Structure formats: C-alpha cells, structure tokens
Amino acid sequence: MLTCCVQVGLLSQVSLEHHPELVTILNPNEDLQLFMRVAPEVNLLRWFNYHLKRAQHPRAVNNFSRDVMDGENYLVLLSQIAPQVVPRDAHLEPDPRKRAEMVCKYAEKLDCLKFVTPQDILDVSTAWQRRWMCVDQMI
C-alpha cells in the first residue's frame, strides 16, 4: 500500500502545470479542459506511446508491468527523449537481460532511476513492477 502511495505522489507531477510539453500528446480535436482532467497515469501511458509512435516502433505500452518488462520499450523511449545518450538501435539487443542492463546504464547517465536494477525491470513480481501495477489498476 505504501508503494502505491509513493507512486501516486510521483504521478501528481504528470500534469500540464508541471510539464506544459504534454500538450504535444493532445489529439487534434481534443478538448484541453478534458485532457487536464484525465488521470495522470493515463496521460503517462499516452506520453510513452507518443514517443514509441514517433520512433515508428511497432509496439505500444498498455500497462507498466508486462509491456515494459523486457526493456525494449524503455530503450525506445530513452532513445527518443535522449538521442545524444541512447543510440536509436539500442532496443535491438536480442537479450532481455542485456536490454534491462542498458536501460539502467542509460538511466544512470540521465540521472534517473537510481534505485532500479536490471532484475527489477525483468521481474514483474518485484517492488518496482508492483509500483507500476498499482498504476495499471488505477487506469
């Protein structure tokens, strides 16, 4: 339960107020007021998928557990938001463990996710994945 509370606190930062650049994920005819009332976890998924689509990646993220546990989608996202750090083809590594290690290595270079290990990414039963499963249940 505490883990879910922490996750909710982090998600409170997913808003136009804190990140005006989120306006880029609005659909052409979408009402801004309605967008602002959408749950932050929904907009976080939209933001993630926006970047996957921009990269012309065939996969999408519908949850923060199974859809990210092989590290591939994380690497595509990181290469989109930090192309100067993460190579565009990083996600093509065939070994899921190596991809998870790469996610952690690049995240550290970007000064984020300091408390996540490659095993946390690969194992849906870890506390890291359970945090995201709390989010999935809110959507």
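This is a predicted model: local features need pLDDT of at least 70, side-chain atom pairs count only at pLDDT 80 or more; totals for chains, interfaces and linings use all residues.
**Entry 1: V61**

I started at V61, which sits in the loop between helix 3 and helix 4. Helices here are DSSP runs of H or I with at least four residues, strands are runs of E with at least two, and both are numbered from the N terminus. Numbering runs from 1 along each chain as its sequence is written, and side-chain values use heavy atoms, with hydrogens and water left out.

Is V61 buried or exposed? V61 counts as buried because its relative accessibility is 1% (buried is under 20% relative accessible area, exposed over 50%, partly exposed in between, with a 1.4 Å probe and protein chains only). Leaving out residues within four places in sequence, I listed what V61 is in contact with: L45, F48, N49, L52, D67, V68 and N73. Contact means heavy atoms within 4.5 Å. I also looked up Y74, 13 residues from V61 in sequence; their C-alpha atoms are 9.8 Å apart.

**Entry 2: the whole chain**

I stepped back for the overall picture. The protein chain has seven helices and zero strands, so from the N terminus the order reads α-α-α-α-α-α-α under the DSSP naming. Of the 139 residues in the chain, 41% are buried. I then took the contacts between residues at least 6 apart in sequence; 44% of these join residues at least 24 apart.

Next I wanted to know how helix 4 is placed. Helix 4 is mostly covered, with nine of its 10 residues buried. I noted the buried ones as E72, N73, Y74, L75, V76, L77, L78, S79 and Q80.

At what angle do helix 4 and helix 5 pack? Helix 4 (residues 72-81) and helix 5 (residues 96-109) pack at about 35°, and their axes lie 9 Å apart. Axes are lines fitted to C-alpha atoms over the stretch in contact, and angles run from 0 to 180 degrees between N-to-C directions. The crossing of helix 4 past helix 5 is left-handed, meaning the near helix is turned anticlockwise from the far one by less than a right angle.

I wrote down who meets whom: E72, Y74, L75 and L78 come from helix 4, and R99, M102, V103 and Y106 come from helix 5. By class, that contact has six nonpolar residues, no polar ones and two charged.

**Entry 3: R99**

I had a closer look at R99, which belongs to helix 5. R99 is counted as buried because its relative accessibility is 7%. Not counting residues up to four places away in sequence, R99 touches D70, G71, E72, L75, H91, E93 and P94. E72 and L75 also turned up on the helix 4 side of the contact with helix 5.

E17 counts as exposed because its relative accessibility is 71%. M36 is 19 residues from E17 in sequence, and I read 9.2 Å between their C-alpha atoms.

L22 is in the loop between helix 1 and helix 2 as well. L22 is buried, with a relative accessible area of 7%. The C-alpha atoms of L22 and F35 are 10.0 Å apart, for 13 residues along the chain.

I25 also has its place between helix 1 (2-11) and helix 2 (32-37). The relative accessible area of I25 is 6%, so I put I25 down as buried. What does I25 contact, beyond its neighbours within four places in sequence? I found E30, F35, N43, R46, W47 and Y50. I25 and F48 are 23 residues apart in sequence, with their C-alpha atoms 9.6 Å apart in space.

**Entry 4: Q56**

Last stop, back in the loop between helix 3 (40-54) and helix 4, where Q56 is found. Q56 is exposed, with a relative accessible area of 71%. V61 belongs to the loop between helix 3 and helix 4 too, but V61 is buried.

Terms used:
Ala, Val, Leu, Ile, Met, Phe, Trp, Tyr, Cys and Pro count as nonpolar, Asp, Glu, Lys and Arg as charged, and the others, Gly among them, as polar.
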